[in-house]
Amino acid sequence: MTLHQDDSTYKSGHIPVLLAEVVAALAPRDGGVYVDGTFGRGGYARAILSAADCTVLGIDRDPSAIAAGAEMAREFDGRLTMIEGAFGSMDALLGEVGIGQVDGVTLDLGVSSPQIDDPARGFSFRADGPLDMRMGNHGTTAADAVNTMDEGDLANVIFRLGEERLSRRVARAIVQARTEAPIERTSQLAEIVRRVVPKSKDGIDPATRTFQALRLHVNDELGELDRGLAAAERLLRPEGRLAVVSFHSLEDRQVKEFLRQRSGNAPAPSRHAPVGTDAPKAPTFRLISRKPVTPGQAELTHNPRARSARLRAAERTKAPAFEEAA
């Protein structure tokens with residue numbers, strides 16, 4: 001299950017959101033090859049493998065997810081292969097194991113419950129831990145970001161990725177605090193933010209948006225999503241299916257816009273605009289549903305944390321993939 005920062009107290013187990021709906025969107029068939037690009041603890045992969053006599057390639061940049069997948073692979077007698085890496089590079093990763101086309105790709109965006117439930121990973125402000133937030137074990141940490149970024153850049157990240165309207169106030173407080181001592185713990189950062197951001201009426205912790213922004217920044221999650229959607233387009237064979245579950249408006253907006261462009265549903269240019277020389281590109285996807293699929297009441301009753309989930313799905317056409325700008 002993918003969670004938001006305010007879901008860190010939810011510890012009832014790894015529950016994939018919209019599981020039946022994702023499997024229905026992918027429509028697994030015997031002999032098919034499917035990619036679970038955000039393996040986590042393998043909830044979607046297990047359901048796909050159980051739905052048909054098919055093969056799944058599980059991708060994750062978290063070594064602990066790869067270890068969990070190795071355990072599951074033994075259950076499915078060679079039908080599950082684990083690959084450590086980022087899903088934005090899925091076509092290159094699959095090429096390394098000799099796979100050039102697949103029948104389905106699913107992505108479950110955001111941070112997984114095992115990651116957020118472990119204080120040592122530094123994702124949650126609910127329990128003290130090192131200010132890390134990396135989904136893998138490489139690259140810049142959240143501590144690096146808050147201790148080295150220029151105040152203006154930090155404010156922009158918190159505003160753009162956290163949608164925090166008091167981002168400049170938060171950035172100023174962080175920069176002032178780090179002159180006294182490095183900010184190295186989640187509890188330190190949360191307390192700094194809480195001192196300058198008032199409590200909201202809906203009960204969401206004032207630190208939520210800042211933590212979200214830093215996580216998205218550290219892991220380049222929106223850039224990874226852009227790369228992953230384009231890679232899925234290149235990998236999927238005609239009639240292959242793409243199913244993406246998002247939990248935040250920034251992610252959902254990005255998926256929606258990608259599928260709108262690729263399905264030929266983008267707004268037509270103004271009739272007053274200059275006529276371009278490029279012919280319209282053939283749609284590479286057909287939308288399975290124009291509106292996102294959301295959890296039903298039964299799932300929300302069982303798991304209220306699924307309330308923000310949105311599933312968008314589409315089927316690949318025969319048209320060649322769009323060429324990405326250099």
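A residue counts as buried when its relative accessible area is under 20%, and because Glu 315 has a relative accessibility of 15%, Glu 315 falls into that class. The model discussed here is predicted.

- Seven strands form an open sheet with mixed pairing, in the order β4-β3-β2-β5-β7-β9-β8.
- The edges of this sheet are β4 and β8 (285-287), each of which pairs on one side only, and neighbouring strands are turned by 20° against each other on average when direction is ignored.
- Within the sheet, β2 runs parallel to β5 (residues 102-108) and is joined to it by three bridges, and Val 35 has Val 105 as its bridge partner in β5.

**Helices**

- Helix α2 (residues 43-51) lies across β2, β3 (55-60), β4, β5 and β7 (236-246), and its direction is at about 175° to β3.
- Helix α3 lies across β3 and β4, running at about 165° to β4.
- Helix α9 (residues 186-196) packs with helix α10 (residues 208-219) at an angle of about 130°, the axes being 9 Å apart, and α9 is therefore oblique to α10.
- On the α9 side this contact is made by Thr 186, Leu 189, Ala 190 and Val 193, and on the α10 side by Thr 210, Phe 211 and Leu 214; by class, the residues are five nonpolar and two polar, with no charged residue.

**Glu 315 and its surroundings**

- Glu 315 belongs to strand β9 (residues 310-316), and its side chain makes a polar contact of 2.9 Å with the side chain of Arg 241.
- When neighbours within four places in sequence are left aside, the residues in contact with Glu 315 are Glu 239, Gly 240, Arg 241, Thr 284, Phe 285, Arg 286 and Ile 288.
- Ser 249, by comparison, is 66 residues from Glu 315 in sequence, and the two C-alpha atoms are 23 Å apart in space.

- Most residues other than glycine have a negative phi.
- Ala 27 has a positive phi, near 50°, and lies in the loop between α1 (19-26) and β2 (33-36), where its relative accessibility of 44% makes it partly exposed.
- Asp 77, which is likewise not a glycine, has a positive phi of about 50°; Asp 77 is located in the loop between α3 (63-75) and β4 (80-84), and with a relative accessible area of 72% it is exposed.

Notes: Residues numbered from 1 in each chain as written. Predicted model: local features only at pLDDT ≥ 70, side-chain atom pairs only at ≥ 80, totals over all residues. Heavy atoms only, no water. Helix = DSSP H or I, 4+ residues; strand = E, 2+ residues; numbered from the N terminus. Buried < 20%, exposed > 50% of the residue type's maximum accessible area, 1.4 Å probe, protein only. Contact = heavy atoms within 4.5 Å. Polar contact = N/O pair within 3.5 Å; in protein donor to acceptor, adjacent residues only side chain to side chain. Axes fitted to C-alpha atoms, helices over the stretch in contact; angles between N-to-C directions. Parallel < 35°, antiparallel > 145°, perpendicular 65-115°, else oblique. Nonpolar A, V, L, I, M, F, W, Y, C, P; charged D, E, K, R; others polar. Pairing = 2+ DSSP bridges.
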